[in-house]
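Dear colleague,

Please find the structure below, handed over for your records. My notes on what was found in it follow directly after.

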Amino acid sequence: MTARIERVVTEGVVDVDGAEHKVENNTWILGDDEEVIVIDPARDAEKILEKVGEREVLAVVCTHGLPDHVGAAIEVAARDEAVVALHPKDRPLWRLTWPDTWPDIDMEDEGVFGVADVELEVLSTPGVSQGGVSLYCEALGVVFTGKSLQADGPGKVGGEYPALADQLTAIGGRLFTLRHGIRVLPAHGEETTIGALESQFDAWLSGSLTRGDVIEKTEGPLSDGTRAAKINLKLLDE
């Protein structure tokens, strides 16, 4: 098997309801010496395409539509006329960054992408956004979890859980059914494994993530279930 995984890390500032959060984003490149799929193209298309090199980009797959994770999607896809894939429930988020375009492919649960003789299975994992997905590659023993699940637990938006009950249901019902040794490759931070996180699940269900605090919803959710209406992408050099 020649398929391999590479990571590109970019930095930037996300503005959530007037509060700035400095973040690092992971973009994952899956493929071989001839072709690749780019997952969550964040911010810096030049840096991502430099890592891709002369290989053909077959598709740009977005695990969710938050602005800092799709900021380079159009430019990365355009170089090789690749398709862009996103779950349809995240279209409102996509339009915050790309108001004049739509993704080419509406991903659905259990859909499949092929590259370099391996397959990526789409797992619906809503919570951070209603259209959030994870991408499971059984052959390589990895799952790309976007913001759904990270090394420190379920992902947040601006320090909040937009729909924690949905997120935990997806984590327990989809991700924690995978083998313990499966590598978790998230949209932020370092990788971990399913087994390293599953032991914490009961504590999450018992409220350890929120410690009894009520999540404030000053603006109410968007139609897709998030509170991302005021999220704006700012690059560090702006």
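Two strands are said to pair if DSSP finds at least two bridges between them; strands (E, at least two residues) and helices (H or I, at least four) are DSSP runs, numbered from the N terminus. This is a predicted model, in which local features need pLDDT of at least 70 and side-chain atom pairs count only at pLDDT 80 or more, while totals for chains, interfaces and linings use all residues. Residues are numbered from 1 along each chain as its sequence is written, and side-chain values use heavy atoms, with hydrogens and water left out.

An open sheet of 6 strands runs in the order β7-β8-β9-β10-β13-β14, with mixed pairing. Its edge strands, β7 (112-115) and β14 (192-193), each pair on one side only. Within the sheet, β8 and β9 (residues 133-137) are antiparallel over 4 bridges, and E121 has Y136 in β9 as its bridge partner.

Helix α5 (residues 164-173) has L164, Q167, L168, A170 and I171 buried (under 20% relative accessible area; exposed is over 50%, partly exposed in between; 1.4 Å probe, protein chains only). These residues lie on the same side of α5 because they cover an arc of only 160 degrees around the axis, taken from the directions from the helix axis to the C-beta atoms. On the other side of α5, A165 and T169 are exposed. The cover over the buried residues of α5 includes β8 (118-124), β11 (149-150), β12 (153-154) and α7 (201-205), where contact means heavy atoms within 4.5 Å.

Yours sincerely
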